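Some labels in structural work rest on a cut-off. Here each label is set against its rule.

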Amino acid sequence: MSLEERLDDLEEAFEDYLEEDFPDCKWSRALNEMTLVVPRGQLLPVMQLLRSNSNFGFEQCIDVCGVDYAAYGHSEWNAEDAPNTGFSRGAERELVTEFEAESRFAVVYHLLSLAHNVRLRVKVFLDADYPMVDSVTGIWNSANWFEREAFDLFGILFNGHPDLRRILTDYGFIGHPFRKDFPLVGQVEMRYDEDKGRVVYEPVSIEQRTLVPRVVRNDYRYEEGCDPVKEEEQEQADG
Amino acid sequence: MAEIRNYTLNFGPQHPAAHGVLRLVLEMDGEVIERADPHVGLLHRGTEKLAEHKPFNHSIPYMDRLDYVSMMCNEHGYVGTIEKLLGIEVPERAQYIRVLFDEITRILNHLMWLGAHALDVGAMTVFLYAFREREDLMDCYEAVSGARMHAAYYRVGGVYRDLPDQMPRYTKEHLRSEKDIKYRNQAREGSLLDFIEDFTERFPGYIDEYETLLTDNRIWKQRLVGIGVVTPERARQLGFTGPMIRGSGIAWDLRKKQPYAAYDKVDFDIPVGSNGDSYDRYLVRVEEMRQSNRIMKQCVEWLKNNPGPVMVGDPKVAPPPREKMKDDMEALIHHFKLFTEGYNVPEGEAYFAVEAPKGEFGCYIISDGANKPYRLKIRAPGFAHMAAMDEMTRGHMLADVVAVIGTMDVVFGEIDR
């Protein structure tokens with residue numbers, strides 16, 4: 001069976017088992033990958049269904065990761081007006097975060113079904129103030145460390161996790177480094193202090209540099225049969 | 001009778017058997033492990049955050065440094081995800097080159113693992129043998145990319161350049177006799193492909209050598225049989241992939257099940273264990289080396305007969321040829337834009353995984369249409385395996401911890417990222 005057929009089967013299973021019981025779950029298919037967006041409150045029953053129902057059979061939780069959407073689509077160089085106004089000399093260095101408080105964070109689960117040989121991405125959006133979601137460690141034990149990692153790096157809380165400690169950052173680290181409002185150079189630097197005879201932490205002395213500015217371009221260059229010039233003419237003709 | 005007290009034992013972070021920087025806090029009852037708490041993250045460099053601040057191509061060298069004994073497989077996972085987002089079809093020759101080097105990488109990794117594992121358990125010789133062959137394979141890396149380890153050879157759209165027609169040779173020097181140099185240059189008279197072909201002829205004999213040292217060795221078996229047993233059910237629960245899940249008897253291999261590059265065009269078998277213990281995983285990995293050798297042979301033959309491009313022709317992602325740049329305005333502009341700004345990846349998200357030597361290595365990229373990834377998540381196989389440390393060592397003796405670390409084949413570059 002080809003990947004397309006396997007995804008068709010998965011879509012059918014969604015229609016059979018999800019549509020009625022969980023009408024708020026939305027699935028979409030892009031680049032031969034299936035994404036299922038689940039409301040936060042329904043995560044556990046949906047995940048349980050995905051694992052135990054043999055039509056889904058997602059026995060493996062391959063990956064869990066956090067995402068911070070706070071700077072999504074932000075461009076350090078305005079490429080939209082540039083043809084008319086010209087580029088400015090430097091990139092914008094300020095940390096800009098604009099987000100909808102309702103859906104700043106997301107937790108993304110990558111599931112794998114060995115029996116059906118198909119992957120599924122499950123996404124849960126969380127709010128900015130109190131990002132908390134139920135832990136799936138009871139369903140897949142492998143989620144344990146992945147959830148610890150998402151907690152460490154993004155500050156996402158997992159309700160019911162047996163051991164929610166930091167995992168990757170240093171002992172006594174302050175902050176959640178992968179959030180978009182956490183600077184790349186960090187907050188503190190450390191050095192050995194001869195007088196005190198120990199390592200001391202101090203605020204960072206280096207400045208963050210942007211070597212290549214971040215640019216979002218909508219030039220449609222990869223869309224097939226798309227001709228921006230013609231589209232513009234069409235728009236003008238339409239009025 | 002003396003009272004036996006419980007101990008908490010710190011294993012690492014600086015311990016020769018910890019394979020890098022692992023701090024293990026062990027709660028012991030006498031010499032039996034009651035609980036193992038691995039503290040990872042001592043090598044955390046924030047690769048994913050760094051990648052968010054760099055154009056897509058600049059992060060390829062970071063991938064080499066994740067799992068620093070299977071470099072090109074990591075690159076493959078990363079460029080594969082970007083290609084998926086861009087919708088690029090890689091030329092067939094580049095796909096075969098990628099398969100060839102993925103398998104060279106697999107042998108490199110398994111040799112390193114075999115040597116280090118044997119060394120941990122108490123056999124010195126295998127390590128020296130394994131490094132003899134690693135040297136030849138590193139020379140292949142060097143011949144194509146100029147670097148022995150951190151190659152940055154795979155690029156979005158293909159590979160950096162075609163395979164060289166000439167294998168670099170040893171030259172005269174006062175430390176080596178002429179006879180020695182002649183002996184070393186024997187296999188280097190022809191092209192890189194000739195050199196690899198010669199290696200694939202020799203290599204099965206070398207594996208036999210390792211096996212005579214280990215497979216039926218009484219001490220080796222005493223240390224590995226029945227140690228770190230994982231049932232198929234637990235292996236699935238714990239998110240195991242690669243040789244770790246195959247050792248437990250589940251025939252799952254992404255190269256076969258979800259073929260990428262040219263893996264659907266080559267013949268090979270998936271070795272599977274039956275008991276799920278360290279010894280089975282050893283046998284699986286040794287057989288994998290033989291299968292890799294088989295794949296390499298097929299790739300060499302195909303590559304010898306099928307010349308062609310190794311990079312896509314799309315100037316938006318691949319730099320134009322140097323000569324063209326000198327007299328073509330368009331090519332010069334493309335070159336300039338590509339090296340100052342990079343290319344933009346259409347908005348969307350993708351996950352692409354390869355069967356790295358250690359298991360499933362996957363990259364999840366969210367792009368918002370910029371020239372840098374919005375979010376890059378690296379799914380490292382060792383991370384899930386390391387998380388099972390507690391379960392695999394519980395009830396074993398202290399000395400078995402070393403055997404379990406060895407059998408998991410962990411590298412902290414990828415676990416800590």
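Contact means heavy atoms within 4.5 Å. This is a predicted model, in which local features need pLDDT of at least 70 and side-chain atom pairs pLDDT 80 or more, while totals for chains, interfaces and linings use all residues. Residues are numbered from 1 along each chain as its sequence is written, chains are lettered from A and ligands numbered from 1 in the order written, and side-chain values use heavy atoms, without hydrogens and water.

Q: How many residues of chain A and of chain B are in contact?
A: By that rule, 62 residues of chain A are in contact with 68 residues of chain B.

Q: What area do chain A and chain B bury between them?
A: About 5,300 Å², with 53% of it on carbon and sulfur atoms. Buried area is the accessible area (1.4 Å probe) that two parts lose on being put together, summed over both.

Q: Why is strand 8 of chain B called largely enclosed?
A: Strands (E, at least two residues) and helices (H or I, at least four) are DSSP runs, numbered from the N terminus. Buried means under 20% relative accessible area, exposed over 50%, partly exposed in between (1.4 Å probe, protein chains only). Five of the five residues of strand 8 (residues 375–379) are buried, so the rest of the structure largely encloses this strand. Arg375(B), Lys377(B) and Arg379(B) cover one side, Leu376(B) and Ile378(B) the other.

Q: How do you know that strand 7 and strand 8 of chain B pair?
A: Pairing needs at least two DSSP bridges between two strands. Strand 7 (residues 359–367) and strand 8 have five, in the antiparallel sense. Gly362(B) stands opposite Arg379(B).

Q: Why is Asp68(A) called buried?
A: Its relative accessibility is 1%, so Asp68(A) falls under the limit for buried. Arg104(A), at 5%, is buried too. The side chains of Asp68(A) and Arg104(A) meet in a salt bridge (2.9 Å, N to O).

Definitions and conventions: A salt bridge is a side-chain nitrogen of Lys or Arg within 4 Å of a carboxyl oxygen of Asp or Glu.
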